[in-house]
Amino acid sequence: MITGGAGFIGSNFIPTILESMKDAQIVNLDKLTYAGDLKNLESVSGNSRYTFIQGDICDRKLVADIFETHEVNNVIHFAAESHVDNSIDSPATFIETNIIGTFVLLETAREKWTQSQESRTFNRFHHISTDEVYGSLGAEGYFSEATPYAPNSPYSASKASADFLVRSYGKTYDLNVVTSNCSNNYGPGQHDEKLIPTIIRKALAGEAIPIYGNGTNVRDWLYVGDHCKALELVFSNGKDGETYAIGGEDEMSNLTIANTICGIIDRKTGRPPGSSAGQIEFVQDRPGHDYRYAIDSAKITANLGWKPEVSLQQGLELTIEWYIDKYQKV
């Protein structure tokens, strides 16, 4: 079972795993909130090995029924409320989905899987998390699997709570669990509210491009296709009970990435150089805005042989082309 498979990362992951695991039967459980879009899964909608179920991971009866009916023996858990701004305005939804929802999935897995000694071999719970649980970095240093947790927003606190729940079920109930914490994803199909899609759509529409504060906040950007390859390795070959940090090894400040995107858009649309960048406007900073995120991916590279393949420049080109095509069709 894949939870949140209609979301950005999940909808990129499902076609990947159906293609690489020829015997996999996938059940996608997604509530279809504003951030979920089944259009992103049209390529697999007719696949006999794929089933979509609309529902809430907090619905214990539904989750139990799915485990029973579909004989679920693995969970890859993407489902989460994920936009920091929304968590600042409405934290309750994040507590409910990210903490209670994860608890419901873990409890159901415990009830269904821990009845035999074979469960550790045939069952796995892979929890997808974020680097935001580690808090904020200064100008130097990197997050790793050993970094102490220091979440600074309701979103990151809810994900940290979920991480700890997953860990506890591995330790207390001997559940086969793995967790992966990734840096900022981007790529085709991402919801419009996120930074890179916001910059792209505002630039294309000729509207003001909002950048928080002075634009010096830095993020480590990970192309979603690279992330999906990493997730498949963690799910298939990751060591039971371990955590894997997944980073794009491509840091850029928010202002620099806005200028870079604007330059690509000017080139692709035939605008005079610098015209889109003229739309950038600085707005009041986000409360508790973390200064910098960056991940040390040495562990997943050494243990599982993964490294990012798509550079930020390449990924932005691909992403902008996708959005230009999308808006031309509207």
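Q: On what kind of model do the values rest, and how are residues numbered?
A: This is a predicted model, in which local features need pLDDT of at least 70 and side-chain atom pairs count only at pLDDT 80 or more, while totals for chains, interfaces and linings use all residues. Residues are numbered from 1 along each chain as its sequence is written, and side-chain values use heavy atoms, with hydrogens and water left out.

Q: What makes helix 4 roughly parallel to helix 6?
A: The axes of helix 4 (residues 91-113) and helix 6 (residues 154-173) come within 9 Å and cross at roughly 15 degrees. Angles under 35 degrees count as roughly parallel, so helix 4 is roughly parallel to helix 6. The angle, from 0 to 180 degrees, is taken between N-to-C directions of lines fitted to C-alpha atoms. Helix 4 passes helix 6 in a right-handed crossing, the near helix being turned clockwise from the far one by less than a right angle.

Q: Which classes of residue make the contact of helix 4 with helix 6?
A: Contact means heavy atoms within 4.5 Å. Residues meeting in this way include Phe94, Ile99 and Glu107 of helix 4 and Tyr155, Leu165 and Lys159 of helix 6. By class, the contact has 13 nonpolar, four polar and three charged residues.

Q: Why is the pairing of Arg60 with Glu107 called a salt bridge?
A: The term requires a side-chain nitrogen of Lys or Arg within 4 Å of a carboxyl oxygen of Asp or Glu. The closest N and O atoms of Arg60 and Glu107 are 3.4 Å apart, so the pair meets the definition. Arg60 lies in helix 2 (residues 60-69) and Glu107 in helix 4, 47 residues apart.

Q: Is Glu107 buried or exposed?
A: Buried means under 20% relative accessible area, exposed over 50%, and partly exposed in between (1.4 Å probe, protein chains only). Glu107 has 9% relative accessibility and therefore counts as buried, whereas Arg60, at 38%, is partly exposed.

Conventions
Helix = DSSP H or I, 4+ residues; strand = E, 2+ residues; numbered from the N terminus. Parallel < 35°, antiparallel > 145°, perpendicular 65-115°, else oblique. Nonpolar A, V, L, I, M, F, W, Y, C, P; charged D, E, K, R; others polar.
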